[in-house]
Amino acid sequence: MFGKGILKGMWVTMKHFVTTYVDDIRLLGKRYYNPEGIKLRSRPDVKGIFTVQYPEEKLPPPEEFRYIPFLVYDVNEEGEKIVRCTSCGICSKACPPQCIWIVQTTDPKTGRPRPEPVEFFIDIDICMNCGYCAEYCPFDAIKMDHDYELSSYDRAKEHIYNLERLLKPAEYYADIRPKNFAREEEIKREKEAKKAAALQAKAQKSGDSD
Amino acid sequence: MTEKTISPPTELEKRFPQGVTLDQREGYSGYLVDAQKLVEVATVLRDEMGYDYLSSVTGVDYIQDNLMEVVYHFYKSTGGSELTLNVQVSRENPVIPSLYHTFPSVDFQEREAWDLLGIKFDGHPDLRRILLWEGFAGHPLRKDWKEPFFNEDNKPFSNRWPEGNVFRVEDTNPYGKNVQYPDDLAQPEKWKPETEDLLYAGLLDFKAGEGKDFKTDYVVVNLGPQHPSTHGVFRMAVVLDGETIVALKPVVGYLHRNHEKIGERNTYLHNMPYTDRLDYLCSMTNNFGYAIAVEKLLGKKAVVPERAEYLRVIMSELTRISNHVWAIGFILNDLGAFFTPMLYAIEERELILDIFEATAGSRMMCNYFRFGGVSRDMPEDVFQKLKELVNERLPRKIDELDIYLTENEIIAERCEGVGILSPDDAITLGASGPLLRSSGVPYDIRRADPYGIYDRFDFDVAVRYHGDCYDRFIIRLDEVRQSLRILQQAVRDIPEGPVLTKNPYNIRVPEGEAYGRIESPKGELGYYLVSDGTANPYRYHIRAPSLINLTGLEKICIGQKIADVVVILGSIDIVLGECDR
């Protein structure tokens, strides 16, 4: 019959139309505007509309999502901020569009470079969100943030982030990237344990030889 | 390369004792051919040795040796690896005989070498600029040409660290003061810009129709760069006789960003995220091609672990599915089924992009591959999601798309018999990918010249024999089914283990040249790299399938109606990011 193909296609369209609303009616409003609803709509066997009603609902970004970088600082027992960055410059060299600008100074007493950045600029208009700075930092000092709502009215003033604006606490990092944070803490702890064991072994040996 | 010991290579040297010599430079494995003998050698390669597929033509500027070199990569359409010919001419006045009449596929590529490097091709019928506008002064890819806002020759720039006092580069050259006139322009006010006379002159040089009863006019229409159906900023200047097309010339270059020059400033690692931005719908396969080219040069320094090889194949095939459903959706959109089938097709793509986001960090600019593996492992919950997608949801949805569209009478009426490309034309015009295979030539790089671990998977090469738009549309459904087969095998067999042999961020690549090519969803995506032993590439060229597939657009479209052009262009499936680079 001429037209059979078109009719088959229209049958598929009708099926889609009906399934769009079945889940909505079944769950009667619990499908939107709450986190369980978003989770339901993100599963691979979702039926019906899975559009996320932004900005009332926001899809939680997965852990690996990368947007603009930020610098991590730890807080020690006295409550002081310890910036992890040593201004080694590797992130600046690994950055493809060269959007990281670092100012490093030398210590006047020792003549060697001071292991903290005097100034640290990132031009977020140029940043291409590749994640190389975070990937190649040897001190876990710069990581990729999840915040993507960064528009402003004056990009000349607002879109060059300086050191103050880039620093965020390690708790924030643990909050947005729990698995990565746990893995890095584990590696740090193992290193400390190994160092402590090596020191003990040396102390033992020198104690024995005395 | 050890294959040089078997014929036909030594045969070639025997045939042309003065013209052809084996390339002795460190890391080069081709033939140096004398410019005068080039056409003869190419004809012998095509007619007697079976190398009928000229895939890539590119130019290199060796400023320190005062030479310009043009590199040709020949393949057999029955499969196998490449035969490279290098032709060197002096840099002062570089002229090489054109291969246009032997291999029509070099049309756009020779124009690009003229445009960006200034190499003249003797005998090319229409040697105009292709990527830059007609009045551009200079040849950007020459080593002595500096771009606007020039910082330094090679990244990383020294003004970022340790004295990195930030400045915005647009403040160094404020608006209004950023105009430069070429040195040989005596009076700027009296300058008339070059118009597109050459383009329109070439266009109107068509064979007028036979025996017309009416006296009609021919109309020149620009399906301009801003058009909802041209898949990006692409322009076609057509000459119409009523509704029938009599001549057509594609005009590209509206998205040209001089990616190759940026590539020469970057280090090898820096180039990886830039390749994402080439064919922006298929970022994983772009990364794959670049990783393969650099790993060819690196050799033993970058051995890819097993799990990483499987992840690479999984990501490539997911990209192929995502690209083909997008293409099918857009063909239907262009036909007039306004948005509904497109959105149904793209629904599946959303789930694939969620997998990319959870693994690589970003939906579209994935930057996932590294030299020696992939950057991150796939989390376990994402892997379960992938398994469910590949084994259950995607096959069902593709079958639904099939029912929805394959027997549709409107599609059959509008696409069958429209825009036929014969197999011989497809090979000589350099077509690749679904365009080539829908014309009856079963050439798939994953089978013909395997890379990665594709030789371990059991899949068929999708071929269709009519060469019209309907076949180009159905072959994409076939390829998605084959990709699902590969994915099901990969997901079943993937081993545990590391995913990366670590490489430093400032890796130095040994000297030499390499051409790494992959079967991207659009066709043959090739990366030609020349390395001089430093941290930055000396020459970085991309053989873009979208641009080369357009070589045959004029031939396909002549005689069709103007409404068919839109469908034909959609079925060739171009993306301007890779066409213009």
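The C-alpha centres of domain 1 and domain 2 of chain A lie 43 Å apart. This is a predicted model, in which local features need pLDDT of at least 70, side-chain atom pairs count only at pLDDT 80 or more, and totals for chains, interfaces and linings use all residues. Residues are numbered from 1 along each chain as its sequence is written, and chains are lettered from A and ligands numbered from 1 in the order in which they are written.

**Domains of chain A**
- Domain 1 covers 1-57 and domain 2 covers 69-179, with bounds from an automatic or database domain assignment.

**Helices α9 and α10 of chain B**
- Helix α9(B) spans residues 340-360 and helix α10(B) residues 380-405; helices are DSSP runs (H or I, at least four residues), numbered from the N terminus.
- Their axes are 11 Å apart and the packing angle is about 165°; axes are lines fitted to C-alpha atoms over the stretch in contact, and angles run from 0 to 180 degrees between N-to-C directions.
- α9(B) and α10(B) are therefore roughly antiparallel (angles over 145 degrees).

**Contact between chains A and B**
- Chain B gives 43 residues to the contact and chain A gives 38; residues are in contact if their C-beta atoms, placed from the backbone, lie within 7 Å.
- On the side of chain B that touches chain A, α10(B) supplies the largest share, eight residues.
- That side of chain B divides into 19 nonpolar, twelve polar and twelve charged residues (Ala, Val, Leu, Ile, Met, Phe, Trp, Tyr, Cys and Pro count as nonpolar, Asp, Glu, Lys and Arg as charged, and the others, Gly among them, as polar).

Technical notes. Helices (H or I, at least four residues) and strands (E, at least two) are DSSP runs, numbered from the N terminus. Angles under 35 degrees count as roughly parallel, over 145 as roughly antiparallel, 65 to 115 as roughly perpendicular and the rest as oblique. Two residues are in contact if their C-beta atoms, placed from the backbone, lie within 7 Å.
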